[in-house]
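Here is a brief report on packing in one protein chain. The sequence and structure come next.

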Amino acid sequence: MNDAARLSPQALAEACAKAMWDDDNATRHLGMELISVAPGEATIAMTIAESMTNGHGTCHGGYIFTLADSAFAFACNTYNQRTVAQHCSVTFIAPAFKGDRLAATAREVSRRGRGGIYDIRITNQEGEHVAEFRGHSRTVKGAHLPEQG
């Protein structure tokens with residue numbers, strides 16, 4: 001039995017998240033915080049800095065997309081299979097502003113074969129719905145944790 005197979009689904013998700021977090025320079029550099037992870041799920045939060053605002057005085061949509069994409073990545077990589085985005089889309093619902101604390105909560109909708117679908121809801125510190133993101137994933141070769149014990 002390999003090392004990863006000895007872990008409970010929750011422990012596997014947490015170990016995969018730690019392995020990813022340690023190598024995810026973009027997510028860490030933007031000040032994101034991994035709030036929770038479970039099989040097929042993840043929540044990541046980020047506070048909007050002044051440098052993230054656009055000419056309208058609101059959070060640039062690219063940062064909201066990046067927050068959602070990071071939650072998506074952590075959710076779909078909880079099974080010790082390297083998984084990447086195949087397609088993503090975002091719908092912006094309400095603006096976010098400097099100082100807002102945004103949370104992106106990802107949940108698995110479907111996972112079959114090499115593909116998966118994940119919905120990510122982005123809310124602010126008041127629980128207001130800021131954006132909705134859908135990601136389609138694809139597994140690729142490789143694992144996050146050692147396959148041989």
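Asn80 is buried, at 6% relative accessible area (buried means under 20%, exposed over 50%, partly exposed in between; 1.4 Å probe, protein chains only). Its phi is positive, about 60 degrees, although Asn80 is not a glycine. Asn80 lies in the loop between α3 and β3 (83-92). Helices (H or I, at least four residues) and strands (E, at least two) are DSSP runs, numbered from the N terminus.

This is a predicted model: local features need pLDDT of at least 70, side-chain atom pairs count only at pLDDT 80 or more, and totals for chains, interfaces and linings use all residues. Residues are numbered from 1 along each chain as its sequence is written, and side-chain values use heavy atoms, without hydrogens and water.

The largest nonpolar core has 29 residues. Such a core is a set of buried Ala, Val, Leu, Ile, Met, Phe, Trp, Tyr and Cys residues joined through side-chain atoms within 4.5 Å. Helix α3 gives the most to this core, with eight residues. Ile64 and Leu67 are among the residues with the most contacts inside it.

A search of the whole structure finds four aromatic pairs. Rings of Phe, Tyr and Trp (its six-membered ring) pair if their centres lie within 6.5 Å; planes under 30 degrees apart count as stacked, over 60 as edge-to-face and the rest as tilted. Two of the pairs follow.

| Pair | Centre distance | Plane angle | Class |
|---|---|---|---|
| Trp21 and Phe74 | 6.0 Å | 55 degrees | tilted |
| Phe72 and Tyr118 | 5.7 Å | 50 degrees | tilted |

Phe72 lies in helix α3 and Tyr118 in strand β5, so the pair ties together parts 46 residues apart in sequence. Phe72 and Tyr118 are both buried.
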